[in-house]
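I opened my notebook to look at how this protein is put together inside. Here is what I looked up, entry by entry.

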Amino acid sequence: MESRSRIAAGDPAEAAAEIERLRRANDALVARVAEAGELPQGAEEARRAFLDRAELVRRCADEPVTVGVLGVHSTGKTLLLNMLLGRPDLLPSGYAPTTGNVTVLHLRPAAPADGEVAESRLTGARVEFLNETDLAGCLAALFDAVRDTARGSGKLDDRALAELDGLLPEGPARFTPEGWGGLVRWFEERGWPTGSTALRLRILELLAFRSACLAGREVLGREEQVDFATLSASAIRLDTDVLETARGDMPPRPGPGLPIRPGGRLTEEALAEGFAFVRRIHLDVLVPASVWALGDLGAESVSLVDFPGLGSLASKERDAYLADQEIDRLTSIVIMLDAESPYDEAPLGLITRFERTRSAKLAPSCLVVANRLDRLPGGLHGAEAAPDPLRTETVLGHSDALRTLLGIAEQAVTHGHTDRITLASALYARLRLEGEASPVEVGNAATTRACADGWRRLAQRLNADDPGRPLGALLEAAAADGGIARLRDTIARHVGEHGMPLRLDRMARLVADRADAQRDLARALRPDDRRPAGRPTPEQRELRRLLVQVARNARGLLQNVRPQMDQAEGDAGLRAAVEERVVGDVFRWPEWRQLLEAVERGVVPIRQLDRRELRPNDTGELEKSFSAALERLESQIVDLDRTLLDRWIAARDDDAHDLRRQIRTLLDGADGAGDPEALSWVEPFLAFGWVRQDVAHARRAAADDADGLDGVDGASAASGADGADRPPGESAQVQEFPLRREHGLPWHPDYPVPHGWPTDELELRRHQIQVMAVRRELVNALTRKVMLQAERRRRALVDDVRAALVRRLEALPEGDYGRLAAEALGQSRRSDGAALGALAAALLDDQGQGDL
């Protein structure tokens, strides 16, 4: 146990040794299973699942250092990847494989045998297809999405929904037209006539898998060569007309599927036919040491994994499933923010989405790069005019955009690890590399260079006046080469310190998954485990069907807590609720009534008004109202979350009402369909009032662990981040106040009119539209501040609710009904420990797990 503690703390050498031990044990176990030859009927599928899991363990042990790049669309991700590799045109920004596919760049350092290599270059391309286990998982996830969307459409009755059960083809039936026949008929006769675009999109996605299943069974689990020209021809792409197809009157008729044959090089037609089967695109890249010394990462080869943006219309569920499988392979995760949109927290939402199905946080694996610093709203020109000495707080006080951007970046990494953050401009890096030869379409070169000169001047002053603070180093690196060198160094340092321990942690999870598959295989090999096929009563069959439905609903809850809460909030969601409260508060300030009631002929007539009664006199008075409003609004957001949780619970109770009634009727029947105690796990998923108490209890425990942090709101730790780098004595409210402080207002009698001002200029500044403009500016600033805080609270609430659901699901019983529910949830059950056959005993007694 002591050894494991040191490994978890980050001892790379011990982690590497443990990984090697697990790899050898895994290889020995696979060899033992392979020697078994033909297995009893029904055990082959279990063996295939075991071998797939064992292959993941082997790949984890042998894979190179893997760095994932995760971000939303149009943030300059492709250009940044190209600049990391020292060649702006290596991957065109419109490169086809980056749309709807995970693209893996396998980087190999140039060796003497490669000849003179002056720049990075592509040397090969391959397409990797799903194996049968991943295909089954992906189809199950997509089918659940079809069922949930059909139910949520409100356009199908219970009978039509019940007809879906059992229609998803399994095993060999997936690869025949007859196996898909029932599902296709349901789509044509039931699903499509609803007119629901959302349901039609999910139907089209599932039909794409039908085409691939009929065409490409032989390529499952294989890697095939492909030409660059085929990739560039957009053969692997999404159906850009999918939305138009979904809005059509008639469903598309599924075709027969054109056969895809393994061997040789794939054609454009074959790739288009089998798009749904594509697991990854692999590109081999030769990198000279003068561009990036890959040896600094402690590995002979390095892989960069470019994730596509999630949420595609044509392959939404497929992309989400594949991305979720991919994230565990990463040594480091580079989260890309867009400095042009500094208030966008969507990249953090991607990480939160991946964490929902994992017990461990991803923050230790995360780095952050904020690209397009040259497009930061407002720039940093105001800070350059600040007098000496220049402090970090002064720069951030002049740029709310930069302060917010850095705040979001710090949320993504382990607290205090600002060394994992990079400010970057891939555009400036390209300009430096190519000079005057840089193409015109990169943007305004002069403006970008001027921005970099400003960063350099600010960095010099900060390093001199405020040494040891991170902002000076961040700006200095951005001004040097667009932040590219710092990003390379940050990746190398993170991989060196944390790469092997993080890989061991992932390998431990994969070994545990393989152990579940071992137990399933052992159970399939046990002749005494196959019970007599007694005919169940109709009541028992109905109860089993209802239990499967409850389990599937429970799994759907884990994936849909946030969308369900957004739906409970209303059509426009959280932002609308926040804006409604902000507008309602600000518009009630007495200042506006006094000002607008005084308006004559469109302007505030200052000469005729009593200066003692007209308020506000200057922005200082508005600032006090601003601060008071912020305190009121933050308390309202807490109340909003409490109300929202109550609505969510009520909606879930309504959803489960019919199931609860049917199950209770069966259990109370004279014949007795099952043991009520064995079904106790069902109760929490039929009445959800316990969630409120469970969340409150977990938050109180977290508050105690945090030495008194406010756990009632669930967001106090997040809100504390707003205090970073703030001048002593200056509050968060003042930081967010958008107006020029202590400045006179032109509609007040005491306003100092500059000598020589024309009358029309003063009239313009006193016009009522200016009063309303000031009010709107304050509303926008308050909305931005409260929205950031509300979003943090909302994420915390969603995480707490999901954690409560997971804790309940972990308590499945060991009996027949518990096993049935576990299978519906996609969970494996533990063996009951009875006597096993020779191979089954070896599977259960193997030493591959060690002390994991």
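A disulfide is a pair of cysteine sulfur atoms within 2.5 Å, and my search of the whole structure gave zero disulfides.

A note on what I am reading: this is a predicted model, where local features need pLDDT of at least 70 and side-chain atom pairs count only at pLDDT 80 or more, while totals for chains, interfaces and linings use all residues. Residues are numbered from 1 along each chain as its sequence is written, and side-chain values use heavy atoms, leaving out hydrogens and water.

Next I checked burial (buried means under 20% relative accessible area, exposed over 50%, partly exposed in between, with a 1.4 Å probe and protein chains only). Cys-213 counts as buried because its relative accessibility is 1%. Cys-60 is buried too, at 0%. Of the 852 residues in the protein chain, 49% are buried.

Then I turned to the nonpolar cores, which are sets of buried Ala, Val, Leu, Ile, Met, Phe, Trp, Tyr and Cys residues joined through side-chain atoms within 4.5 Å. The largest has 77 residues, and Leu-107, Phe-209 and Trp-292 touch the most other members. Helix 8 (residues 197-216) gives this core its largest share, eight residues; helices here are DSSP runs of H or I, at least four residues, and strands are E runs of at least two, numbered from the N terminus. I also noted a second, separate core of 50 residues, including Leu-380 and Ile-408.

Last, I counted 31 helices and nine strands in the protein chain.
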